[in-house]
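Student: Hey, could we go through this model together? I'd like to ask about a few spots as I find them.

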Amino acid sequence: MAVQRTFSIIKPDATKRNITGKIVSKLEEGGLRVVASKRIHMTEAQAGDFYAVHKERPFYQDLVNFMISGPVVVQVLEGEDAIAKNREIMGATNPADAAAGTIRAEFAESIEANSVHGSDGEDTAAEEIKFFFTDAEIVG
Ligand code: CMP
């Protein structure tokens with residue numbers, strides 16, 4: 001498998017508890033390298049656009065409200081098979097289903113406040129990276 005880039009968000013529940021370092025350690029220990037990172041407070045328009053794919057889902061507005069409830073850390077991660085590897089390190093969306101040792105099993109509070117987001121495929125990774133970063137901000 002080739003070296004890939006994927007997009008990650010450390011969500012407001014995690015920044016609030018000051019555990020961004022613990023989460024980054026899990027990503028690095030899993031073989032991923034942070035090649036871009038910034039701490040931002042998303043606007044409602046940004047969060048709404050970012051999660052537009054979920055617009056028809058009943059949890060959409062709550063999700064947008066949660067994502068603007070505090071700062072987040074957006075990152076580009078690089079490594080062998082980075083997209084799948086990041087999803088493995090994060091664990092299942094619902095922490096109740098997440099495997100032991102994963103970020104969500106250890107840190108997530110609920111399916112909404114689930115500490116991290118990660119791209120689910122090559123196309124979404126490229127789109128999500130572009131949504132938050134210029135090429136010049138990514139330093140491999
Ligand atoms: P994320 O990987 O960021 O992608 C969409 C988010 O919606 C997901 O993580 C969850 O935090 C959130 N979400 C809230 N409720 C649900 C739900 N019932 N099913 C799936 N995702 C949900």
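Student: Is Asp81 buried, partly exposed or exposed, and why?
Tutor: Asp81 counts as partly exposed because its relative accessibility is 28%; the cut-offs are under 20% relative accessible area for buried and over 50% for exposed, with partly exposed in between, using a 1.4 Å probe and protein chains only. Keep in mind that this is a predicted model, in which local features need pLDDT of at least 70 and side-chain atom pairs count only at pLDDT 80 or more, while totals for chains, interfaces and linings use all residues. Residues are numbered from 1 along each chain as its sequence is written, and side-chain values use heavy atoms, with hydrogens and water left out.

Student: OK, and where does Asp81 sit?
Tutor: Asp81 is found in the loop between β3 (72-80) and α5 (82-90), where helices (H or I, at least four residues) and strands (E, at least two) are DSSP runs numbered from the N terminus. Although Asp81 is not a glycine, its phi is positive, at about 55°.

Student: Which phi does Asn18 have?
Tutor: Asn18, which is not a glycine either, has a positive phi of about 60°. Asn18 belongs to the loop between α1 (12-16) and α2 (20-29), and it counts as exposed because its relative accessibility is 67%.

Student: What does β1 pair with, and in which sense?
Tutor: Two strands pair if DSSP finds at least two bridges between them. With β3, strand β1 pairs in the antiparallel sense over 8 bridges, and Gln4 stands opposite Gly79 of β3. Strand β1 is also joined by 3 bridges to β4 (residues 116-118), and these two run antiparallel as well; here Ser8 has Gly118 in β4 as its bridge partner.

Student: New topic: how many salt bridges does the structure hold?
Tutor: The structure holds 5 salt bridges, each being a side-chain nitrogen of Lys or Arg within 4 Å of a carboxyl oxygen of Asp or Glu. One of them links Asp13 with Arg17, and their closest N and O atoms are 2.6 Å apart.

Student: Which residues are in a network with them?
Tutor: Asp13, Arg17 and Glu109 are linked in a network of salt bridges.

Student: And what does Lys26 form a salt bridge with?
Tutor: Lys26 forms a salt bridge with Glu106, and the closest N and O atoms of that pair are 2.9 Å apart. Lys26 lies in helix α2 and Glu106 in helix α6 (residues 103-107), so this pair ties together parts that are 80 residues apart in sequence. Lys26 counts as buried, at 18% relative accessibility, while Glu106 counts as partly exposed, at 44%.

Student: What about Lys38 and its partner?
Tutor: Lys38 forms a salt bridge with Glu137, with 3.1 Å between the closest N and O atoms. Since Lys38 lies in strand β2 (residues 33-40) and Glu137 in the segment after α7 (122-132), the pair ties together parts that are 99 residues apart in sequence. Lys38 is partly exposed, with a relative accessible area of 25%, and Glu137 also counts as partly exposed, at 34% relative accessibility.
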